[in-house]
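This text leads through one model a step at a time. Keep the structure open beside it while reading.

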Amino acid sequence: MKQIVTLLCLAFFVSVPMWLTDPYLLNALITTGIFIIGAMSLNLLLGFTGQLSLGHIAFFGIGAYVSALTSLGFDVPIHGDFHIVHVPWPPIVGFFLAIVISGFCGYLVGRLSFSVRGAYFVIVTISFAEVVRLVALNWVELTQGPLALTNIPSITIGLPGLGYLVLKTKFHNYYLVLAVAAISYFLISRLVHSHYGRAMRGLMENETLAVAVGINVTKTLTLAAVISAGIAGAAGSLYAHYIRIIDPDVFAFISTVTMVIMVVSGGKGSLAGPVVGGVIFGLLPVFLRPIMPPEAQWITYGVVLIVILFVMPRGIVPSLAAKLGLARAGGTRRASIAVSERTVEEHA
Amino acid sequence: MDQLLQHVVNMLVLGGTYALLGIGLTLIFGIMNVVNFTHGILYTFGAYMMFIVVHQLGLNFFLALPVAIVAGWLLGAAIEITLLRPLRGADIDTTMLVMIGAWIAMQSGALWIWGGVAKSIDNPFPDAPLVIGPVSVSWLRLFVLFAAALLIVLAYSLINLTKLGKAMRATFQDSDTAALMGVNVSLIYTSTFAIGSSLAAAAGALLGPVYVVFPQMGDLAAVKAFAIVILGGLGNITGAVIGGFILALAEELGAGYVSSGYRDAMGFLIIIMVLIFKPTGLFARAERVG
């Protein structure tokens, strides 16, 4: 049943460019899709391990810069006459490098920041993202600072026997983003249904208990952080090669907030949540734009977030699923864990 | 050496207002366990109140400061009653996200009402700075330092000498026991949020005339306040004051001797370092953190 719904949704998304001709809407869908990939990666941390990372945009931005710099090349003086020179590589290499380097950053940040929890974890992650933004702003030799990296080439795919396909048009980019989104969705779905996924949820529900039954906390959380950061890096790379110009504003805190809103409104800990929340909040500006000025759009954005948290604190997908009785099995399992947790607390 | 002395003087001026921001946030964060993202917007609000009173109402500069503090108190109380009171008992992530929503909505509101152009506030002090030996400091900054010091002393006395302060400290230590002893915990939460907000507004009102006023000015202030709270330890007033001065010193030295572009990175680096090596803060009692 669930798989049929997923496949139907995928078929719908595949069909969109066939009947949607408005380039403005298609552009909105592509950028929304890129942010949905980011939101899915954030959901892996927030929804399945319970760690709210508000620095997630750092991995997105690192992916964007790595990919852009790989395909543009650079010449950076390090000390005196010593330069690091890099000649441009094909953008597709940049895409994979973005995943690897973002994932590695996720590993480093995870190792450092998982020693603290709750509000402190949130603040460490925000700080990390801001430091990266300030480096991108001030290391002008490498990043051009506020002048931005421009003329980033589009991703090119070599097809055996058919030459090269340059993914330059919106039509091409839509399918590229959709493909990466589908792969990420599949990957995250496999991960959370695996042994590691159960360990992650065990940690989220009751860390003390999880440790007591032998779950390696640091290893599990770091694995989630690495995969999450890698996917965010892939999204950043797609963004860089689609928009073709990036400046330190890709690290803006508001972009992390956008991803968090997508995850929380859709339903954290639900695979479809970030997709549903992402479509709603990604396309909301498109519908609000004709009827109100930008400031009022943002006010609406904030108010909608508050209203969703008040009315549906668990998010749209879990609330709907509970109403339709689809998540009966998942619901009872969660309830029993919650009960056991409460008993543990009472005995403690 | 002269340069260092100048940095120390600048540090004192900046540190006073940072301490105000930090005290406000450490009270809210420590007592209510709310990661308050509206703290920065209250700072912005205080600065705009100053602008409105001085330029649009044409009233006295020194009258504007108390007006900004009272306005910040009222706005803080309103936020607490409408947004946080219904969410008592909700987990920290939920209240944090609600605060983020409020922050986005209010900042956009400020942008809508007052526009994005930075405004400067006139002050009645002479333009020529006070020069003592190798060090010079403007009269306005000197006023900011003394006003901040006065407000720190007031806040300190409020928390340590009054009955309300005693109830606040009791709620911080154990809200259940405090409630059993007859403390109206809900009222304490509202007062705490209102007092913390008024201190943020005061910091904004004091630094507004020194720099310029614009809707996003509070974003960095909020993160700096978090750095100060982490440095000083959760709920620790003295720690927040010392933390404010340490952050100001780090920024001054970072801007003076490393690169002015990295001035604002100092707060974040402090946060990362403290949380990695001494997560309880430099002056905190270890058992309350977690």
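Predicted model: local features only at pLDDT ≥ 70, side-chain atom pairs only at ≥ 80, totals over all residues.

A:Met292 sits in a loop of chain A, between helix 12 (273-288) and helix 13 (294-311). A second residue of the chain, A:Leu97, can be compared with A:Met292: the two are 195 residues apart in sequence, and their C-alpha atoms are 41 Å apart in space.

A:Ser255 gives another such pair. A:Ser255 belongs to helix 11 of chain A. In sequence, A:Ser255 and A:Leu54 are 201 residues apart, yet from C-alpha to C-alpha the separation in space is 9.7 Å. Is A:Ser255 buried, exposed or partly exposed? There are 19 other C-beta atoms within 10 Å of A:Ser255, so A:Ser255 is partly exposed. A buried residue would need 20 or more.

Two loops of chain A hold residues with a backbone angle worth noting. A:Ala148 has a positive phi of about 75°, although A:Ala148 is not a glycine. The loop that holds A:Ala148 runs between helix 6 (140-143) and strand 3 (156-159) of chain A. A:Ala148 is partly exposed, because 15 other C-beta atoms lie within 10 Å. A:Arg244 is not a glycine either, and its phi is positive, at about 70°. A:Arg244 lies in the loop between helix 10 (217-243) and helix 11 (253-266) of chain A. With 15 C-beta neighbours inside 10 Å, A:Arg244 is therefore counted as partly exposed.

Strand 1 (residues 74-79) and strand 2 (residues 82-86) of chain A run antiparallel and are joined by five bridges. Which residue of strand 2 of chain A is the bridge partner of A:Pro77? The partner of A:Pro77 is A:His83. A:His79 likewise has a bridge partner in strand 2 of chain A, namely A:Phe82. Two residues stand between the strands of this hairpin, and A:Gly80 takes a positive phi near 60° there. Strand 1 of chain A is hardly covered, since the count of buried residues among its six residues is zero. Strand 2 of chain A is also hardly covered: among its five residues the count of buried ones is zero. As background, side chains in a regular strand alternate between the two faces of the sheet.

Now turn to the helices of chain B. Two packed helices are described by the angle between their axes and the distance between the axes. The axes of helix 9 of chain B and helix 10 (residues 237-258) of chain B cross at roughly 120° and come within 8 Å. That angle is why helix 9 of chain B is oblique to helix 10 of chain B. The crossing of helix 9 and helix 10 of chain B is right-handed. Among the residues that make the contact are B:Lys224, B:Ala227 and B:Ile228 of helix 9 of chain B, and B:Gly239, B:Ala240 and B:Ile242 of helix 10 of chain B. Sorted by class, the contact of helix 9 with helix 10 of chain B has eight nonpolar, four polar and one charged residues.

Helix 3 (residues 61-84) and helix 8 (residues 185-207) of chain B form another packed pair, with an angle of about 140° and axes 7 Å apart. Helix 3 and helix 8 of chain B are therefore oblique to each other. Angles have to be over 145 degrees to count as roughly antiparallel. The crossing of helix 3 and helix 8 of chain B is right-handed. The residues of their contact divide into 18 nonpolar, six polar and one charged.

The last step brings the two chains together. How many residues of chain B are in contact with chain A? In chain B there are 33 such residues, and they touch 33 residues of chain A. On the side of chain B that touches chain A, the elements giving two or more residues are helix 4 (92-114), helix 9 (217-232) and helix 11 (265-277) of chain B. Helix 4 of chain B gives the largest share of that side, 15 residues. By class, the residues on the side of chain B that touches chain A are 25 nonpolar, six polar and two charged.

Definitions and conventions:
Residues numbered from 1 in each chain as written. Chains lettered and ligands numbered in written order. Contact = placed C-beta atoms within 7 Å. Helix = DSSP H or I, 4+ residues; strand = E, 2+ residues; numbered from the N terminus. Nonpolar A, V, L, I, M, F, W, Y, C, P; charged D, E, K, R; others polar. Buried ≥ 20, exposed ≤ 12 C-beta atoms within 10 Å, placed from the backbone. Pairing = 2+ DSSP bridges. Axes fitted to C-alpha atoms, helices over the stretch in contact; angles between N-to-C directions. Parallel < 35°, antiparallel > 145°, perpendicular 65-115°, else oblique. Left-handed = near helix turned anticlockwise from the far one by under 90°.
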